[in-house]
Number of protein chains: 2
Amino acid sequence: YRGKEVVPGAPEAISGLKRAGKRVVYVTNNSTRTRVAYVEMLEDMGIAASIDDVFTSASLTAGWLAAHVKDDNISPKDVVVYVIGEDGIKNGLKDHGFVLAEDQDFDAGKALFGKVRFVVVGLDRHLTYHKLDIALNCIVHGAAFIATNDDASLPMEGGTIAPGAGAIVQALVTCSKHPPDFGSPFGKPNPMAFHEIARVTRTPLKAMVAIGDRPETDILAAKRAGITSILVLSGITREGDEVPDGMAPDAILISIDELNGLFPHISRH
Amino acid sequence: YRGKEVVPGAPEAISGLKRAGKRVVYVTNNSTRTRVAYVEMLEDMGIAASIDDVFTSASLTAGWLAAHVKDDNISPKDVVVYVIGEDGIKNGLKDHGFVLAEDQDFDAGKALFGKVRFVVVGLDRHLTYHKLDIALNCIVHGAAFIATNDDASLPMEGGTIAPGAGAIVQALVTCSKHPPDFGSPFGKPNPMAFHEIARVTRTPLKAMVAIGDRPETDILAAKRAGITSILVLSGITREGDEVPDGMAPDAILISIDELNGLFPHISRH
């Protein structure tokens with residue numbers, strides 16, 4: 001999709017893949033919306049999806065953090081997280097049982113600085129200096145610094161752009177002199193996105209195909225995960241654009257319509 | 001000084017320099033306070049100073065910008081500036097006659113995006129996402145990106161730190177993919193700070209001596225400007241600390257008290 005507009009042919013292509021017995025999942029670097037909001041957005045575009053089909057950088061981050069603390073025999077309900085972000089990441093963390101530190105906790109004596117275990121940073125269109133200050137001091141006091149994604153900017157309607165999660169992440173990297181921990185950001189092009197999807201959907205990476213319109217996120221993440229990748233020239237990338245080194249997809253489709261030609265005779269196995 | 005405390009011996013050392021016929025000026029990377037506020041702060045510490053003796057990264061930036069547009073035969077009153085910053089930089093620009101674009105101008109149609117000629121970024125403890133968004137779009141529409149200083153963080157009372165101007169600057173560098181223009185940031189260690197002071201005070205660089213407690217800003221700026229530099233171990237740097245490569249001062253004083261020993265017999269010339 002572009003903004004609220006569905007790419008022509010996309011619903012039909014998705015239906016075709018499903019008829020061919022393929023599981024279709026949706027992966028976005030946007031950490032602001034909840035998975036439920038994406039299901040509703042897809043429905044509005046004529047695409048039927050369930051919450052389990054939607055993976056956002058927020059849901060991937062929250063899922064990974066939950067698995068990580070459980071590996072240490074710690075329950076998320078004993079883990080305090082400070083979030084710079086919106087509903088997508090906040091609800092994702094709450095769904096996994098994490099305790100969110102609210103701003104007002106810090107105003108009352110900043111007693112929680114040493115108690116926050118993770119600072120999770122995504123796009124927050126209500127960012128304030130106060131939030132950066134709290135996040136910085138939590139990191140200085142030992143919290144791990146987790147970034148949902150590092151998209152520098154967001155394309156907006158009318159050709160303007162807006163600051164992305166990556167801008168907020170770099171502000172914190174600068175003042176804390178501390179890069180994000182655990183190989184985060186968790187969004188594409190981090191291959192962890194596809195590894196996590198493989199784990200959750202119990203699908204081997206070699207059976208997965210990633211389709212996207214951004215070489216520097218979609219295709220690079222797929223290549224890093226060893227997944228077959230298809231670049232579609234229906235969005236950000238246009239015919240004749242140079243694809244940067246190391247981001248060459250396995251196939252290029254001028255239009256998503258061509259997708260059905262690729263998988264017509266494959267039946268459910 | 002440290003916070004609101006004067007370094008013991010500093011007022012006496014400054015008096016001694018003045019008695020020896022030296023002009024004493026004060027240079028700070030802080031862009032939030034006005035020069036008048038610094039004069040008052042120095043007075044509270046028992047140090048007499050006039051506004052012309054105080055140079056802040058804000059006053060240096062505003063002065064340089066005014067000289068720059070006048071070189072192009074443009075009056076500052078015809079130049080619209082968008083500021084992320086506090087009183088120091090806002091008043092500095094107004095004092096030079098620049099027109100400040102206020103936030104509400106942008107809310108009403110964002111009509112000024114292409115009209116803003118400079119985006120000036122300093123420390124702003126009332127930073128919001130909205131301000132970053134406006135600054136980004138002004139830069140995208142051709143405004144020059146000016147940074148007052150790039151201090152990553154500020155030391156605070158009680159051992160905590162706070163995000164500095166450099167964190168805000170890096171957020172904008174990230175989303176605009178545009179480094180600051182004209183060799184800004186204008187604060188130390190940019191030698192432009194001392195070049196500008198030399199110009200304004202009509203003092204040759206070789207006649208200047210810079211005294212400071214930070215090798216990475218005070219001493220480095222002095223060395224880059226070719227000024228004799230003295231590191232005083234009364235503040236951020238302590239005896240036994242390693243001084244990084246390229247930041248070795250011409251002299252080191254354990255205490256500011258020793259300063260009078262260096263200039264006892266020099267009379268006004």
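Visitor: How many residues does chain A bring to the contact with chain B?
Guide: The model is a predicted one. Contact is counted where heavy atoms lie within 4.5 Å. By that rule chain B contributes 26 residues, and the number from chain A is 27 residues.

Visitor: What area is buried between chain A and chain B?
Guide: The size of an interface is often given as the accessible area lost when the parts come together. Here carbon and sulfur atoms give 71% of that area, and the total is about 2,100 Å².

Visitor: Which elements of chain A each supply at least two residues of the side that touches chain B?
Guide: Both helices and strands are represented. The helices are helix 6 (129-140) and helix 7 (165-176). The strands are strand 7 (153-155) and strand 8 (161-163).

Visitor: How many nonpolar residues are on the side of chain A that touches chain B?
Guide: Sorted by class, that side has 4 charged and 9 polar residues. The nonpolar residues number 14.

Visitor: How many residue pairs are in polar contact between chain A and chain B?
Guide: Salt bridges across this interface come to 0. For polar contact, with both residues at pLDDT 80 or more, the count is 6 residue pairs.

Visitor: Is Ser176(A) buried or exposed?
Guide: Ser176(A) belongs to helix 7 of chain A, and its side chain reaches the backbone oxygen of Leu172(A) at 2.6 Å. Apart from neighbours within four places in sequence, Ser176(A) is in contact with Leu136(A) and Ile139(A). Buried means under 20% relative accessible area. Because its relative accessibility is 15%, Ser176(A) counts as buried.

Visitor: What is the angle between the planes of Trp64(A) and Phe182(A)?
Guide: A pair of aromatic rings is described by the distance of the centres and the angle of the planes. Trp64(A) and Phe182(A) form a tilted pair with 5.2 Å from centre to centre, and the angle between the planes is 50 degrees.

Visitor: Which residue joins Trp64(A) and Phe182(A) in a cluster?
Guide: Phe182(A) counts as partly exposed, at 40% relative accessibility. Ring pairs link Trp64(A) and Phe182(A) into a cluster with Phe186(A).

Visitor: Why is the pair of Trp64(B) and Phe182(B) tilted?
Guide: Planes under 30 degrees apart count as stacked, over 60 as edge-to-face and the rest as tilted. The ring centres of Trp64(B) and Phe182(B) are 5.2 Å apart and their planes lie at 50 degrees, so the pair is tilted.

Visitor: Which residue forms a salt bridge with Asp218(B)?
Guide: Asp218(B) lies in helix 9 (residues 215-225) of chain B, and its partner is in the loop between helix 7 and helix 8, so the bridge ties together parts that are 30 residues apart in sequence. Both residues are buried. The closest N and O atoms are 2.6 Å apart, and the partner is Lys188(B).

Visitor: Is Glu196(B) buried or exposed?
Guide: Glu196(B) forms a salt bridge with Arg199(B), with the closest N and O atoms 2.7 Å apart. The two are 3 residues apart in helix 8 of chain B, so about one helical turn separates them. Arg199(B) is partly exposed, at 49% relative accessibility. Since its relative accessible area is 8%, Glu196(B) is buried.

Visitor: With which side chain does the side chain of Thr203(A) make a polar contact?
Guide: Thr203(A) is located in the loop between helix 8 and strand 9 (209-212) of chain A, and it counts as partly exposed at 25% relative accessibility. Leaving aside neighbours within four places in sequence, Thr203(A) is in contact with Ala198(A) and Met208(A). Its side-chain polar contact, at 2.9 Å, is with Thr201(A).

Technical notes: Residues are numbered from 1 along each chain as its sequence is written. Chains are lettered from A and ligands numbered from 1 in the order in which they are written. This is a predicted model: local features need pLDDT of at least 70, side-chain atom pairs count only at pLDDT 80 or more; totals for chains, interfaces and linings use all residues. Side-chain values use heavy atoms; hydrogens and water are left out. Buried area is the accessible area (1.4 Å probe) that two parts lose on being put together, summed over both. A salt bridge is a side-chain nitrogen of Lys or Arg within 4 Å of a carboxyl oxygen of Asp or Glu. A polar contact is a pair of N or O atoms within 3.5 Å; within protein, one must be able to donate a hydrogen and the other to accept it, and residues adjacent in sequence count only if both atoms are side-chain atoms. Helices (H or I, at least four residues) and strands (E, at least two) are DSSP runs, numbered from the N terminus. Ala, Val, Leu, Ile, Met, Phe, Trp, Tyr, Cys and Pro count as nonpolar, Asp, Glu, Lys and Arg as charged, and the others, Gly among them, as polar. Buried means under 20% relative accessible area, exposed over 50%, partly exposed in between (1.4 Å probe, protein chains only). Rings of Phe, Tyr and Trp (its six-membered ring) pair if their centres lie within 6.5 Å; planes under 30 degrees apart count as stacked, over 60 as edge-to-face and the rest as tilted.
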